[in-house]
Amino acid sequence: MSKVLVTGAAGMLGTDLLAVLAASPSFTVTAATRADLDLTSPAAVRAAVPGHDLVINAAAWTAVDAAETAEEEATAVNGAAVASLASACAASGARLIHVSTDYVLDGVASSPYPEDAVPAPINAYGRSKLAGERAVLSLLPTAGYVVRTAWLYGEHGRCFPATMLRLAASRETVDVVDDQRGQPTWSLALARQLVALAAAPDAPAGIYHGTASGETTWFGFARAVFALNGLDPDRVRPTTSAKFVLPAPRPSYSVLGHARWASAGLSPLPDWHDSLTTAVAAGALKPR
Ligand SMILES: NC(=O)c1ccc[n+]([C@@H]2O[C@H](COP(=O)([O-])OP(=O)(O)OC[C@H]3O[C@@H](n4cnc5c(N)ncnc54)[C@H](OP(=O)(O)O)[C@@H]3O)[C@@H](O)[C@H]2O)c1
């Protein structure tokens with residue numbers, strides 16, 4: 001029986017992680033919300049980690065646009081706090097699975113980024129998350145796992161499909177950008193993958209890409225959300241990023257390659273459309 005500490009346990013991914021871990025007889029779980037364990041307190045982190053074989057860090061500063069004007073605060077959570085978590089894991093011999101993001105990459109490629117692509121973030125959130133990745137990889141060279149995800153949606157948080165369904169209830173048409181490509185990833189599918197990684201003690205440390213297989217644009221994602229919910233997908237209209245300027249620049253190509261899962265004896269996550277179909281059928285996506 002492996003003892004697991006889940007940080008960020010009340011977040012969208014953290015909530016799904018707890019459900020997946022609870023269904024497995026192989027783990028006993030300590031769930032730490034921000035109220036239980038503020039990761040920016042090194043003393044609290046040092047006290048919380050001992051006694052666990054594994055830490056899964058689902059906590060993060062996730063306000064991408066706010067990070068542009070609060071990079072120091074974002075880095076305190078996504079960089080410095082991750083370093084203290086990694087140090088505490090190193091001191092107590094625990095493995096660490098840390099969740100990161102496609103935003104550490106520059107997003108200008110035209111074929112999927114391999115796990116060893118050179119990071120080059122284009123916004124403050126990406127820089128803050130890269131600081132966390134580097135801390136994990138340097139402090140835990142044989143016991144640190146960085147799992148990058150992207151375009152995450154799920155039952156327990158604000159997310160794109162829920163927003164589309166809310167807008168569909170109040171507008172006839174919705175304009176959605178069609179010039180950013182990525183991999184819509186169901187948080188429950190990612191949670192299952194992280195638990196599979198946790199159960200693979202011989203998996204080599206390092207970077208893995210925890211995004212769905214396949215790829216689409218936000219426009220394609222929105223059309224699928226409409227269609228799977230019995231709404232006319234033609235109510236979604238394509239637009240461009242130039243018409244939707246946000247404080248933080250967004251990568252135009254966020255498609256990640258999945259080759260490294262094979263080294264852990266695992267398959268990549270399922271196809272994005274298959275997972276979306278399952279999530280809708282399970283009633284996981286309501287207007288929010
Ligand atoms: N959502 C996406 O599209 C996306 C894309 C790429 C990567 N990711 C990564 O995926 C992971 C999970 O994201 P998510 O969407 O599940 O995020 P989320 O719903 O925002 O959950 C993050 C959790 O971290 C907690 N937290 C924030 N600061 C903390 C601190 N100082 N100490 C302890 N906990 C703290 C938050 O608590 P409060 O709510 O109380 O602040 C929240 O419960 C993150 O690493 C994120 O960077 C997400």
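Colleague: Which strands does helix H3 lie across, and at about how many degrees does H3 run to E4?
Modeller: This is a predicted model, in which local features need pLDDT of at least 70 and side-chain atom pairs count only at pLDDT 80 or more, while totals for chains, interfaces and linings use all residues. Residues are numbered from 1 along each chain as its sequence is written, and side-chain values use heavy atoms, with hydrogens and water left out. Helix H3 (71–92) lies across strand E1 (2–7), strand E3 (54–57) and E4, where contact means heavy atoms within 4.5 Å and helices (H or I, at least four residues) and strands (E, at least two) are DSSP runs numbered from the N terminus. With axes fitted to C-alpha atoms, for helices over the stretch in contact, and angles running from 0 to 180 degrees between N-to-C directions, H3 runs to E4 at about 160 degrees.

Colleague: Which strands does H4 touch as it packs on the sheet?
Modeller: The direction of H4 makes about 160 degrees with that of E4. In packing on the sheet, H4 touches E4, E5 and E10.

Colleague: In what order do the 6 strands of the open sheet run?
Modeller: The pairing is parallel, and two strands pair if DSSP finds at least two bridges between them. The edge strands, each pairing on one side only, are E2 (27–32) and E10 (206–209). The order is E2-E1-E3-E4-E5-E10.

Colleague: Which residue of E10 is the bridge partner of Tyr145?
Modeller: Strand E5 (144–149) and E10 pair in the parallel sense over 4 bridges. In E10, the partner of Tyr145 is Gly206.

Colleague: Which element supplies the largest share of the shell around the ligand?
Modeller: The ligand is surrounded by 23 residues, a residue being near if one of its heavy atoms lies within 4 Å. Helix H1 (12–22), strand E4 (95–101) and helix H4 (124–139) each supply at least two residues of this shell. The largest share, 3 residues, comes from E4.

Colleague: How far from an oxygen atom of the ligand is an N or O atom in the side chain of Lys129?
Modeller: Lys129 is among the closest residues to the ligand. The distance from the ligand oxygen to the side-chain atom of Lys129 is 2.8 Å.

Note on methods
A polar contact is a pair of N or O atoms within 3.5 Å; within protein, one must be able to donate a hydrogen and the other to accept it, and residues adjacent in sequence count only if both atoms are side-chain atoms.
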